[in-house]
Amino acid sequence: MTPCDVLIVGAGPAGSVAGIVLARTGARVRILDRATFPRDKLCGDTVNPGTLARLQSLGLAAGLDGKSLRVDGMRVTGESGVAIEGRYPGGLSGRAITRRELDWLLLEQAIAAGCQFDPGVAVRRAIVTEGSGVRSVSGAVIGAEGRESPIAARVTIAADGRHSTIGFGLGLARHPPSPRRWAIGAYYENFMPRKGSDPSGSDTSGSDTFGEMHVRGGYYIGVAPVPGGLTNVCLVKPSGAGDPGLADPAALLTRALARDPLLRDRAAGARLTGPPVVLGPLAVDVRDASIDGLLLAGDAAGFIDPMTGDGLRFATHGGELAAAAALQALADGWSGVHARLSAQRQHAFGGKWRFNRALRGLVASPRLVDAAALGAHLAPGILHAVIARAGDCS
């Protein structure tokens, strides 16, 4: 098999961005993924301004506008019908694009940059060497039982998502006991756009597009229009593997929309375009992953159920940081690589992690949404600060 400097497991945004950064320096990069692309992927389908800025800085945003819709800001509603709404600051905007389109757009650029891509490849485990109680990784084993083969690499980047075969297989990742939330998402036709006004009183039902989060008693519903006249609807709720509601996710979504006073009329004539996707538990904790030969990126490095569209920001920027760490390891060895990467991730994401955790607390206590809305009405600067954190480009 073709030798490689860096083996990337997972061809989502983190893996593709890492591959692009590495291949542009001349590194030999091989990307593996279980799926054949393009493929569908459950997500909020929102590239917020911060993510868009990362892609633009890397020269990876070409073609994005033609496959997406502009997103001007966020709208959050509480159970009593009050709403917090605001535009992204400074005239910034995000994009609404399906993960099928976005992931394929980035992967095509990774291939064009020189990455070798192998679709439909199942990774079984990392190749681990142990000596004097210290583990190191030197590639991965692929294939089905009885027909396995190794792929050697000087650096392996696990970017294989929340259920990372590499991360869980090495005991680095776990689903924490709390919070335990599941996501149920689907695309609808004929889901009516909302009618209303922004805080300044101008009509927003026509030209402006807002991402929506409807916070209810312990759960929330995200709504995002996407190209093709479709609407992404995603219900995120506390649940468990034995939840009977998860056995019929279409009925679960239908009930949630039908009982919601702000959404039931908009959903009355809507039709599912395909079976809903169920994903969970969402949260993933990752302990110290300082194993020479291995780096983690994207959701494989930890997942906190971001509610502001920051998941793709964490993936793209995290892919950049993992690529930089891989280049350091290739050039100078592994001493200090993991410590530097950890510090860089904390610097880049620490504030945003805290902000998203605060929003998760808001979902757990829907009364806070009403209180926040009242505060925003009296002090719009507070609202704009919230929206700014969701849409900043730092």
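Colleague: What makes the residues of H1 buried?

Modeller: In this predicted model, local features need a pLDDT of at least 70 and side-chain atom pairs count only at pLDDT 80 or more, while totals for chains, interfaces and linings use all residues. Residues are numbered from 1 along each chain as its sequence is written, and side-chain values use heavy atoms, with hydrogens and water left out. A residue is called buried under 20% relative accessible area, exposed over 50% and partly exposed in between, with a 1.4 Å probe and protein chains only. The residues of H1 that count as buried are Pro13, Ala14, Gly15, Ser16, Val17, Ala18, Gly19, Ile20, Val21, Leu22 and Ala23. That is 11 of the 11 residues in the helix. They pack against strand E1 (4–9), strand E2 (29–32), helix H3 (99–113), strand E11 (149–158) and H7.

Colleague: How are H1 and H7 placed relative to each other?

Modeller: Two packed helices are described by the angle between their axes and the distance between the axes. The axes of H1 (residues 13–23) and H7 (residues 310–332) come within 7 Å and cross at roughly 40 degrees. Axes here are lines fitted to C-alpha atoms, for helices over the stretch in contact, and angles run from 0 to 180 degrees between N-to-C directions. From H1, residues including Val17 and Val21 meet H7, where Ala315 and Gly319 are among the partners; a contact means heavy atoms within 4.5 Å.

Colleague: Is Cys234 buried or exposed?

Modeller: Cys234 has a relative accessible area of 13%, so it is buried. Cys115, at 5%, is buried as well.

Colleague: What makes Asn232 a buried residue, and what does its side chain reach?

Modeller: Its relative accessible area is 4%, so Asn232 is buried. Asn232 lies in strand E16 (residues 230–238); helices (H or I, at least four residues) and strands (E, at least two) are DSSP runs, numbered from the N terminus. The side chain of Asn232 reaches the backbone oxygen of Cys43 at 2.7 Å. Not counting residues up to four places away in sequence, Asn232 also touches Gly44, Asp45 and Tyr187, among others.

Colleague: Why is Gly78 called buried?

Modeller: Gly78 has 0% relative accessibility, and therefore counts as buried. Gly78 lies in the loop between strand E5 (73–77) and strand E6 (83–87). Its C-alpha atom is 9.4 Å from that of Tyr220, a residue 142 places apart along the chain.

Colleague: How many of the residues reach a pLDDT of 70 or more, and where does the pLDDT stay under 50?

Modeller: pLDDT is the predictor's confidence in each residue, from 0 to 100. Its mean over the protein is 87, and 86% of the residues reach 70 or more. Over residues 197–205 the pLDDT is below 50, and this stretch has 19 contacts in the model beyond near neighbours in sequence. Residues 378–384 also stay under 50, with five contacts beyond four places in sequence.

Conventions: A polar contact is a pair of N or O atoms within 3.5 Å; within protein, one must be able to donate a hydrogen and the other to accept it, and residues adjacent in sequence count only if both atoms are side-chain atoms.
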